[in-house]
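Take a look at the two chains below.

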Amino acid sequence: MATSVERTTSGNTGGSAPGAPVGPAVLALLIAWATGAWLVGGAAREAALPAATWILHGTALAAAVALALALARSARRASAAAAAARRAALGAAFRELGAGDLTRASAAGRGLPDELGPVLERALEGIGGRVERLQESSLAVAGAAEGVDRTASSLAAGAAQQAAAAGEVTAAMEELARTAAEIAEHAESQNRMVAQAEADGAAGAEAVGEAVAGIGAVEARIGDVTSRADTLGSRSREIFRVLELISDIAQETHLLSLNAALEAAAAGDRGRRFAVVAGEVRVLAERVRDSVATVRSQVEEFASAIRATVVATEEGGKEVTRVLDEARAASAALEALRGALGESSGAARQISSVTRQQTAASEEVVSTLRELHQVVERMSRDLTQLSGTAGRLRDVGLDLQLLAQAFRLDSPRSLKRMVDAWSARLDGADAGEMLGELVGATRFVEAGYLVDAGGRLVAIRLGEAFAASAAATAEELRRLDLRERPWYRAAVDAGRAVVIPPERSLLSGEQVLTVALPRRGADGELSGVVGFDVNLRHWTEIGA
Amino acid sequence: MSGAHLLVRVGETTAALPAAAVRRVVRSLRLHPLPGAGEGLLGLAEFAGEPLAVLDLARLMGAAGVAGASPAVTVVTWIGPAGDRELVGLAVDEALEVAELDLGAAAAGAGEVLVAERPVRLVDLERLGEEA
């Protein structure tokens with residue numbers, strides 16, 4: 001059930017107004033195909049539909065030519081009486097053909113003579129077959145367009161996300177590059193400090209090395225002194241032995257001098273001079289003894305001094321050894337420190353170098369990411385455009401479908417045949433119950449309804465998918481006079497099934513295409529109109 | 001009266017022995033102690049192939065010896081009255097010199113003279129054995 005308020009779909013079926021005879025429109029189309037000037041809209045020719053369209057063109061042209069030849073032949077042969085009957089039959093056949101009803105056109109043509117009947121029949125079959133293929137092609141086009149649209153939309157969304165992600169990554173990489181630059185700077189600063197410390201450490205190590213060498217020399221001297229002192233000690237002992245010997249000799253000499261003196265005394269006057277010599281010898285011996293005593297005491301002092309020196313030297317040596325050990329430990333520590341500093345310096349240089357490389361790499365990555373970002377944005381725009389193109393292609397498919405639906409065919413996809421069948425099923429049945437059954441058998445019908453001759457709604461049933469949104473509005477329709485609805489008028493005016501181009505549904509507010517058929521009682525009077533709305537979101541399921 | 005004397009030191013005392021009686025001054029001889037001998041007899045020694053009694057002059061003189069110090073010198077001398085002399089060894093700490101003593105300067109019977117301001121005891125060798 002549709003209003004005439006708005007018509008959003010462009011490229012209608014040859015511009016036929018609701019209620020106007022469909023025949024002339026179809027004939028005009030045939031001519032248009034033959035001259036190749038059919039314009040459904042710019043998009044139609046741009047879209048990849050040439051196969052179906054050109055097949056239709058050719059077939060229609062062939063059919064028209066065949067038909068003209070047949071007509072010419074039959075006109076020459078007919079007698080006056082037979083000619084009238086043939087004209088009547090031909091007229092009926094063409095009227096039905098003009099209305100797009102190939103079934104009835106075929107039935108009307110059965111009364112024609114042998115030559116004409118089969119020719120007409122073949123022509124009608126040819127047209128019907130082409131129309132059916134056109135119908136199927138339009139479905140295929142629409143299906144493909146939907147697929148492209150879905151894919152393009154999904155890709156566009158993905159590309160948008162990708163672009164956003166690329167933007168984020170770019171920012172992160174720029175931050176990373178800045179951080180890397182800072183690290184490189186710090187590493188270089190550290191490197192300079194380490195180099196300074198290394199130089200200081202080298203000077204320190206040299207100083208410690210010199211100190212160690214000096215202390216080593218002192219230690220060697222001390223060892224020398226100790227050794228010499230030991231030598232002196234042993235020499236002192238030798239001196240004591242010599243002194244002892246001298247002392248013994250002196251004592252012996254003393255005793256000898258005394259004995260000589262005694263002998264001299266015994267010799268009386270003659271021994272007096274000898275006694276003098278003996279006395280001098282004695283004195284000499286005593287002086288020797290005194291000298292020995294002096295020397296002994298001096299050597300003892302000397303030996304004691306040497307012993308003290310040795311002890312002091314040994315203690316000094318120990319101290320020097322200790323200092324030397326400490327100096328060596330300090331030297332080793334300094335050396336280890338220098339090694340560590342060297343390693344640290346190497347590490348700092350490496351960090352600096354690596355971070356510089358990283359900065360360069362980051363900048364490259366950032367540049368690449370920016371390019372990628374632009375590419376992705378372009379791709380996103382292109383995909384959006386592709387999505388729009390797919391939408392237009394779907395519209396073209398719908399136009400083709402509507403064009404095909406102008407014909408009534410013996411096909412499950414023919415909406416006019418379908419509404420005829422509905423009308424037949426309603427005869428003698430409970431309208432509501434039957435409508436429910438019929439609507440329930442399809443997925444594309446939004447609503448099926450029966451209106452009486454007074455324009456009042458007799459029964460209405462909503463499709464399962466639309467019941468929730470349209471139920472409240474359906475009840476309001478019962479208060480309206482529906483005779484002024486375009487579909488009602490078109491059906492009554494045409495006296496047969498009509499297909500109304502897409503309009504906004506009163507029920508769901510969505511685009512629908514309405515199919516309507518006038519019903520007549522046994523007396524031939526109009527008893528009402530039966531119709532259904534095909535929701536355009538589901539039109540590709542027609543006949544499925 | 002005067003004469004040559006051998007001056008010896010015994011402990012802290014200086015004694016003078018008449019040089020004529022002294023035969024030899026030697027280093028301390030090796031002594032062989034005699035069991036049951038008197039305090040003045042230190043023992044027997046060998047001198048010129050003959051046994052020789054060695055007496056402690058310090059003890060004979062009643063002079064104070066130096067504790068712990070063994071006599072370093074033995075004076076071989078004749079003692080006893082003339083005609084009955086006996087050769088003995090006198091152990092002394094030190095033999096000093098042979099000197100001429102002016103005995104007239106000494107107080108009679110005092111047995112002591114001054115030599116270079118120093119008192120020297122005269123040892124009467126003829127009577128030394130008696131006291132022993």
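**A walk through two chains**

Chain A holds eleven helices and five strands. Here helices (H or I, at least four residues) and strands (E, at least two) are DSSP runs, numbered from the N terminus. This is a predicted model, in which local features need pLDDT of at least 70, side-chain atom pairs count only at pLDDT 80 or more, and totals for chains, interfaces and linings use all residues. Residues are numbered from 1 along each chain as its sequence is written, chains are lettered from A and ligands numbered from 1 in the order in which they are written, and side-chain values use heavy atoms, with hydrogens and water left out.

Chain A has 544 residues, and 38% of them are buried. Buried means under 20% relative accessible area, exposed over 50%, and partly exposed in between (1.4 Å probe, protein chains only). Now take the contacts in chain A with a separation of 6 or more: 71% of them join residues 24 or more positions apart. A contact means heavy atoms within 4.5 Å.

Go to helix H7 of chain A, residues 272-405. Arg273(A) has its place there. Is Arg273(A) buried or exposed? Arg273(A) is exposed, with a relative accessible area of 74%. Ala261(A) is twelve residues from Arg273(A) along the chain, and their C-alpha atoms are separated by 9.8 Å.

Next comes the sheet of chain A. Five strands form an open sheet in the order S2-S1-S5-S4-S3, with antiparallel pairing. Two strands pair if DSSP finds at least two bridges between them. Which strands stand at the edges? They are S2(A) (457-462) and S3(A) (498-504); each has a single partner strand, so one side of each is left without a neighbour in the sheet. From one strand to the next, the twist averages 20 degrees. For such angles, axes are lines fitted to C-alpha atoms, for helices over the stretch in contact, and angles run from 0 to 180 degrees between N-to-C directions.

Look at one pair in detail. S1(A), residues 445-452, and S2(A) pair in the antiparallel sense over five bridges. Val451(A) has Leu457(A) in S2(A) as its bridge partner.

Helices lie across this sheet. H8(A) lies across S1, S3, S4 (511-520) and S5 (526-535) of chain A, and runs at about 130 degrees to S5(A). H9(A) lies across S1 and S2 of chain A, at about 30 degrees to S2(A). Then there is H11(A), residues 486-494, with the buried residues Pro486(A), Trp487(A), Tyr488(A), Ala490(A) and Ala491(A). What covers these buried residues of H11(A) includes S1, S3, S4 and S5 of chain A. Just after H11(A), Gly495(A) takes a positive phi of about 70 degrees.

Now find the second largest pocket. About 310 Å³ of space lies in it. On a 1 Å grid over the protein atoms alone, a pocket is an open set of points where a 1.4 Å probe fits, with protein on both sides within 12 Å along at least five of seven lines; lining residues have an atom within 4 Å of a point. Grid points are joined across faces, edges and corners, and a volume is the space filled by probe spheres set on the points. The second largest pocket is lined by 17 residues, and Met418(A), Trp422(A), Ala441(A), Thr442(A) and Phe444(A) lie nearest its centre. Helix H8 (415-426) and helix H9 (431-440) of chain A are the elements that give two or more residues to this lining. H8(A) gives the largest share, five residues. The lining divides into eight nonpolar, four polar and five charged residues. Ala, Val, Leu, Ile, Met, Phe, Trp, Tyr, Cys and Pro count as nonpolar, Asp, Glu, Lys and Arg as charged, and the others, Gly among them, as polar.

Turn to chain B. Two helices and ten strands make up its elements. From the N terminus on, they run β-β-β-β-β-α-β-β-β-β-β-α. Of the 132 residues in chain B, 43% are buried.

Chain B has an open sheet of five strands, in the order S3-S6-S7-S5-S4, with mixed pairing. S3(B) (22-27) and S4(B) stand at the edges, each with a single partner strand, so one side of each is left without a neighbour in the sheet. S4(B) and S5(B) pair in the antiparallel sense over six bridges. Leu44(B) stands opposite Ala53(B) in S5(B). Helix H6 of chain A (116-266) packs on this sheet, touching S3 and S6 (73-79) of chain B.

End at the loop between S4 (41-47) and S5 (50-56) of chain B, where Ala48(B) is found. Ala48(B) is not a glycine, yet it has a positive phi of about 50 degrees. Ala48(B) is exposed, with a relative accessible area of 62%.
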